[in-house]
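Me: Hey, I've got a structure open and I'm still new to this. Can you walk me through it?

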Amino acid sequence: MSVNTIRKAKKLVESGGVQQIDEDLFQIKSSSDPNKSYFVTSQTCECLGFKNFYKFHHGKGLKANCSHLEAIRLFKKEH
Ligand SMILES: [Zn+2]
């Protein structure tokens, strides 16, 4: 995972961009467009980066990641 992803994730958590909706459902503000937000669980994300990951790495047994999934991990650690 890239340093950039972790830095972005930290910023999302610190700026209050992560909101827990249900036990495993979160709403995370888009870092590029403040009017946009993504619904994220601990396994999936709606964002383009996550979708593209599976498009490009399909069948390689890799687990997709994005700054939003990482933000949830950080968020859970802090709460
Ligand atoms: Zn994402």
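Me: Let's start with two cysteines: are cysteine 45 and cysteine 47 buried or exposed?

Reply: Both of them are buried. Keep in mind that this is a predicted model.

Me: OK, and why does cysteine 45 count as buried?

Reply: Because its relative accessibility is 6%, and the cut-off for buried is under 20%. Cysteine 47 has a relative accessible area of 6%, so cysteine 47 is buried too.

Me: How many disulfides are there in the whole structure?

Reply: A search of the whole structure turns up 0 disulfides.

Me: Then what about the zinc ion, which protein donors does it have?

Reply: The donors are Cys45 (SG), Cys47 (SG), Cys66 (SG) and His68 (ND1). They lie 2.0 to 2.4 Å from the zinc ion.

Me: Why is the arrangement around the zinc ion tetrahedral?

Reply: It comes down to the angles: the 4 donor atoms subtend 106 to 115° around the zinc ion, and that makes the arrangement tetrahedral.

Me: How are the donor residues spaced in sequence?

Reply: The spacing is C-x1-C-x18-C-x1-H.

Me: Which residues of α1 are buried?

Reply: Those are Thr5, Ala9, Leu12 and Val13. They sit on the same side of α1, because they cover an arc of only 95° around the axis.

Me: And what's exposed on the other side of α1?

Reply: Over there you'll find Val3, Arg7, Lys11 and Glu14 exposed.

Me: Which glycine follows α1?

Reply: Glycine 16 does, and its phi is positive, near 75°.

Me: Let's zoom in on leucine 12. Where is it?

Reply: Leucine 12 belongs to helix α1, which runs over residues 3-14. With a relative accessible area of 5%, leucine 12 is buried.

Me: How far is leucine 12 from isoleucine 72?

Reply: Their C-alpha atoms are separated by 9.4 Å, while along the chain leucine 12 and isoleucine 72 are 60 residues apart.

Me: What about threonine 5, what are its contacts?

Reply: Threonine 5 is in helix α1 as well. Leaving out neighbours within four places in sequence, threonine 5 is in contact with Cys66, Ser67 and Glu70. Its relative accessible area is 16%, so threonine 5 is buried.

Me: You mentioned serine 67. Where is it, and what is it in contact with?

Reply: Serine 67 is found in helix α3. Beyond its neighbours within four places in sequence, its contacts are Thr5, Lys8, Ala9 and Leu12. Serine 67 is buried, with a relative accessible area of 7%.

Me: What else is buried in α3?

Reply: Along with Ser67, the buried residues there are His68, Leu69, Glu70, Ala71, Ile72, Leu74 and Phe75. The buried residues of α3 pack against α1, β1, β2, β3 (37-40) and α2.

Me: Now some lysines. Is lysine 55 buried or exposed?

Reply: Lysine 55 is exposed, because its relative accessibility is 61% and the cut-off for exposed is over 50%. You'll find lysine 55 in helix α2, residues 48-57.

Methods:
Residues are numbered from 1 along each chain as its sequence is written. This is a predicted model: local features need pLDDT of at least 70, side-chain atom pairs count only at pLDDT 80 or more; totals for chains, interfaces and linings use all residues. Side-chain values use heavy atoms; hydrogens and water are left out. Helices (H or I, at least four residues) and strands (E, at least two) are DSSP runs, numbered from the N terminus. Buried means under 20% relative accessible area, exposed over 50%, partly exposed in between (1.4 Å probe, protein chains only). Donors are N, O and S atoms within 2.8 Å of the metal (3.2 Å for Na, K and Ca); water is not among the atoms, so sites may look incomplete. Four donors count as tetrahedral if all angles lie between 85 and 135 degrees; four count as square planar and six as octahedral if opposite donors are over 155 degrees apart and all others between 65 and 115; anything else is irregular. The arc is that of the directions from the helix axis to the C-beta atoms. Contact means heavy atoms within 4.5 Å. A disulfide is a pair of cysteine sulfur atoms within 2.5 Å.
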